[in-house]
Amino acid sequence: MAAEPDGGEVMGDAMDDVILETRGLTKHYGGVHALTDADFTLRAGEHVAIMGDNGAGKSTFVRQITGVEVPTRGTIVFDGRERHFENPMDARDAGIETVFQTLALADDLDVPDNLFLGREIVKFNLGPFSILDYKAMQEATIAGLEKTGVKIPNIRGTIRNMSGGQRQCVAIARTATFHSKLTIMDEPTAALGVQETAQVEAIVRTLKEAGEPLILISHNMRQVMDLCDRIVVFRRGRICAKLRKADTDHQDVVAYITGAKTQAEYEVADAV
Amino acid sequence: MADGTAQARVHGTGGLLYDTKRRAWPNEANVLIALILIVAVFEGLGALLMDQSFLFDSRDRFDSVFNEARLRIIILQVAIIGIIALGATQVIITGGIDLSAGSVVGFAAMVAMSFAQTGVVNGNPNPGAVFGPAWLDLPVIVPVLAGLGVGTLAGVINGALIAYTRIPPFIATLGMMVAARGAAQWWTRGQPVSFPTDGYAALGQGMMPVIWFVGLAILFHLILRHTVYGKHTYAIGSNEDAARMSGIKVARHKLLVYAIAGGLAGVSAIVLSAKNLTAQTGMGLMYELDAIAMAVIGGVSLAGGRGSIVGTVIGALIFGVIISGFTFLRLDAYYQEMVKGVIIVAAVVLDQWRQSRTGAK
């Protein structure tokens, strides 16, 4: 089923640099309130980290804005229009590219095949039997890899033979190839070694320099402090703090994550 | 040393290398080597035991290099099952399996043949006419469409069960295997159907089965390599969740794959019944297992995502060479079956080993 007509309200001039805004975003699984009244704003070029304990609602939040799930309540405004994503493809078509915790890559295909999976470039359109344009896909892949600085020795090799870091890089390179408006990464370095983590972080910095906005979910405090402008902390399905990197430090963030501290404006929510 | 031309093919900046040409050693090459080794074994055994060559022309005749008669037999006896193997290849690449192909061949052959009967046999009216005089001597397109239609319909039912009710492919196609065999018997109450028109018979005479097999193999090789259909077939077998997240309509695609496999079983049924000039309810018995074996021997991974039509064609040839080789060595047919079984298991073991090796990297 297609999304509702995309012609939501157009935001005024004051909101011009807001890429993504959610208001009262809520998700209930039966009686479980996984996410309650999340108000979140992301501006152009911003890198925002989402932190919180396991089960705090981080991934639930991301699933709502990437169309993996449909929210129980609340609105999502992306790129100036209210959106109702029915599935991940809607979000992707709108320009939200997600690097999932579980890599959405097909092991037996090569790099261009994976980047263009589900949106192949074709020479002749013959329905399901459309002829693939390998050359165009390969060139676009190389352009995308160069843009992100991803190093892969052989793009014609299958993903199966690549290291975890390289695979993660391929997933990230999708965003560069398709000129997405927002990149979301769900724990991109959780399973990676030190060197591979550094590689992924370098790519994130490249995105920052290019002015590409990013939402990063991570448990790695050092990484968050290194890469992000702001930190939004989730606890028990609610946002409990919105911090600027300049105004906070490790202990402070940990205090919010564990519940030792709550920002004044979210106190009410926490008392429930 | 070899800087100039090698570098020209390499793209990249800042010390990044994107070799766009290099490819891994293709698995098909291994299968081809296996084929050559097996031929060599039979050549050696032939020289030792029979004092004659397996594939090459015998010493006293110099009109040709190869023993064409044997080559022809090898490819002819695998062509009809090979057509099914082309469909099995695609199904297995998606991570599925089709156990119904042999029974569908039986049913499709019965139906196709009953529309292909000629009116006059040796000056007498056709004694076994299925539908009465009005349905005799139809143009050849009618039985062809009937056979194709029955095969495709069976495939669509398989595909719909697997894609939309999420029944494991093994169960869905096992059901079809039993049901289609039953349908083949029900169609004429168990009676064989014979005496096709000349036009229909021509579809399976001489080397026609090989022409069908080779033509369809080339067609599906190109489709798997160069179309969106092919790419999605591999993607689904490789990582179904990733395919779904990438926006591939997985259920619809699986339906299409099983429908094509069913259609190919229909083609096989037409060629087989035209070749034999008759259709019987037991036709195609166990063909699905031989077809699956050809694919697996040819390097199609039962785990899905890997394999190719080229591999399956070589796998089919290996099959043909082994059967021919046993005949050549004048060994009993019982040994053929036993060795076939060993080869199938060996191919699967090899596939598992290959997976654990690449997965460990």
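How many salt bridges does the rule find across the interface of chain B and chain A? The rule finds 2, taking a salt bridge as a side-chain nitrogen of Lys or Arg within 4 Å of a carboxyl oxygen of Asp or Glu.

Some ground rules before going further. This is a predicted model, in which local features need pLDDT of at least 70 and side-chain atom pairs count only at pLDDT 80 or more, while totals for chains, interfaces and linings use all residues. Residues are numbered from 1 along each chain as its sequence is written, chains are lettered from A and ligands numbered from 1 in the order in which they are written, and side-chain values use heavy atoms, with hydrogens and water left out.

**Where the chains meet**

One of those salt bridges joins B:Lys231 to A:Asp113, with 3.0 Å between the closest N and O atoms.

Helix 9 of chain B gives the largest share, 7 residues.

By contact (heavy atoms within 4.5 Å), 35 residues of chain B meet 36 residues of chain A. The two chains bury about 3000 Å² between them, 59% of it on carbon and sulfur atoms; that is the accessible area (1.4 Å probe) lost on putting the two parts together, summed over both.

**Phenylalanines in chain B**

Over all chains, the count comes to 9 aromatic pairs. Rings of Phe, Tyr and Trp (its six-membered ring) pair if their centres lie within 6.5 Å; planes under 30 degrees apart count as stacked, over 60 as edge-to-face and the rest as tilted. Here are two of them:

| Pair | Geometry | Centre to centre | Angle between planes |
|---|---|---|---|
| B:Phe42 and B:Phe326 | edge-to-face | 6.1 Å | 70° |
| B:Phe54 and B:Phe328 | tilted | 5.1 Å | 45° |

B:Phe42 sits in helix 2 (residues 27-50) and B:Phe326 in helix 13 (residues 309-328) of chain B, so their pair ties together parts 284 residues apart in sequence. B:Phe54 lies in the loop between helix 2 and helix 3 (68-93) of chain B, and B:Phe328 is in helix 13, so this pair bridges 274 residues of sequence. Ring pairs link B:Phe42, B:Phe54, B:Phe326 and B:Phe328 into a cluster.

Buried means under 20% relative accessible area, exposed over 50%, partly exposed in between (1.4 Å probe, protein chains only). B:Phe42 is buried at 6%, B:Phe326 at 9%, B:Phe54 at 0% and B:Phe328 at 5%.

Most residues other than glycine have a negative phi. A:Asp79, not a glycine, has a positive phi of about 55°. A:Asp79 is in the loop between strand 4 (73-78) and strand 5 (81-83) of chain A, and is partly exposed at 33% relative accessibility. A:Arg236 also isn't a glycine, and has a positive phi of about 45°. A:Arg236 is in the loop between strand 11 (230-235) and strand 12 (238-244) of chain A, and is exposed at 62%.

Technical notes: Helix = DSSP H or I, 4+ residues; strand = E, 2+ residues; numbered from the N terminus.
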